[in-house]
2 protein chains.
Amino acid sequence: MPKPSAKERILDAYQDILIEHGIGAITLEAVAARAEVSKGGLLYHFGSKEALLQGLIDRVGHLGVTDIEEARAASEGVVRYYLRSSVTDVTQDKAMHRTTLAAMRLIGNEDAIDEAMRDYTQNWRTLLTEQIGDPMTADFVGVIGDGLYLRAMLGEDTSPLLDDFIELLARLGI
Amino acid sequence: MPKPSAKERILDAYQDILIEHGIGAITLEAVAARAEVSKGGLLYHFGSKEALLQGLIDRVGHLGVTDIEEARAASEGVVRYYLRSSVTDVTQDKAMHRTTLAAMRLIGNEDAIDEAMRDYTQNWRTLLTEQIGDPMTADFVGVIGDGLYLRAMLGEDTSPLLDDFIELLARLGI
DNA sequence: GAAGGTAAACCGTCCGGACGGTACAGTCAA
DNA sequence: TTGACTGTACCGTCCGGACGGTTTACCTTC
């Protein structure tokens, strides 16, 4: 695996610090240090803290689109794909999962993040509705995924719940 | 309704700012201004920003206990009480609901908050298991409540979902 | 009941440190 | 030569917290 470009590394560092220590630990110097870049180097790529945030939002947008595409094509089915990617699964370590977790740390603190996350959940809701048929049931599945994410944010390992939840949903004909 | 004591007003202001503008907007001066108290007055009651956080944690603890007690005694049943209090219901405006929403803004930023929230969800899980019997199904209901809270954090009005969700759970024999 | 005392409740200013951002001169690989 | 940085020095602002008052409520004693 080649070393990612500095810009990507900076964004990764931004995410990592958000996930591990939260928004309060985000300083330009801390992000730069984690990315193994000088402060000047960071500011070369992202002209301000605000630009760094925008970088994360863009990433949520891009990864969100490809995530939905992959889900649509997944052989296991959309619902199972959705729940699996909502669960903390150490073995997969998907890019979108980390990005989402990082973005969630900013919910309520940055309006632009709230909007990006609403868009993302809305896209999922659309796909789930398309797949399941009934919008109400689709919302139900959507909320379960969100709940799993919230638990992940609290540091809980939710992977043991996956199969049980899928079985319960199967009983509802999903 | 008499004017609450300064200490309560300060904690209310702290919550309000967290909910409306997030952790980044929390400064001693902002909280003091919102509570209509001087900065010195605030520091008289809470000796530091850390103490303010501890005040919120204590509140989560106290309200959490009474919340669980009320749920246990609720004529509508524990599950319905749980889901109803997870939903954004403008008409009720329960103290615990606001406190939880405020505390959620701090998840991942303050270890002590994470722990308090884990305790709170754990207490609910225990009660739900006791009520439903099967721990796996209880977790299922628990996660749905969490998902509703996450949506509330994103500013969504989740109250229309309540009855539908209860009906879906009824189909599972809950 | 006036005077005096006391402690809790509260006010407003000041200081030091942290942090975002600027500026710029130098390095180095392609 | 140009783009991608490094490293250092610096500035202005913001914020936490310390601190030295001041007001209010409530005794107590003459």
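1. By class, the surface near DNA strand C is made up of 5 nonpolar, 7 polar and 4 charged residues. Please keep in mind that this is a predicted model.

2. Altogether, 16 residues surround DNA strand C. The closest are A:Thr27 and A:Lys49 from chain A, with B:Ser38, B:Gly40 and B:Gly41 from chain B.

3. Which elements supply at least two residues each to that surface? They are α2 (28-34), α3 (39-45) and α4 (49-73) of chain A, together with α3 (39-45) of chain B. Of the elements at DNA strand C, α3(B) gives the most, with 4 residues.

4. Now for the two protein chains. Their contact takes 31 residues from chain A and 31 residues from chain B. On the side of chain A that touches chain B, two or more residues come from each of α7 (111-132), α8 (135-153) and α9 (161-171). The largest share belongs to α8(A), with 13 residues. By class, this side of chain A holds 16 nonpolar, 7 polar and 8 charged residues.

5. Within chain B, have a look at helix α5 (residues 78-86) and helix α8 (residues 135-153): their axes come within 8 Å and cross at roughly 20°. Because angles under 35 degrees count as roughly parallel, α5(B) is roughly parallel to α8(B). The crossing is right-handed.

6. Which residues make this helix contact? From α5(B) come B:Val79, B:Tyr82, B:Leu83 and B:Ser86, and α8(B) brings B:Val141, B:Gly145, B:Leu148 and B:Tyr149. The residues of the contact of α5(B) with α8(B) are 6 nonpolar and 2 polar, with no charged ones.

Definitions and conventions:
Residues numbered from 1 in each chain as written. Chains lettered and ligands numbered in written order. Predicted model: local features only at pLDDT ≥ 70, side-chain atom pairs only at ≥ 80, totals over all residues. Axes fitted to C-alpha atoms, helices over the stretch in contact; angles between N-to-C directions. Parallel < 35°, antiparallel > 145°, perpendicular 65-115°, else oblique. Left-handed = near helix turned anticlockwise from the far one by under 90°. Contact = placed C-beta atoms within 7 Å. Nonpolar A, V, L, I, M, F, W, Y, C, P; charged D, E, K, R; others polar. Near = placed C-beta within 6 Å.
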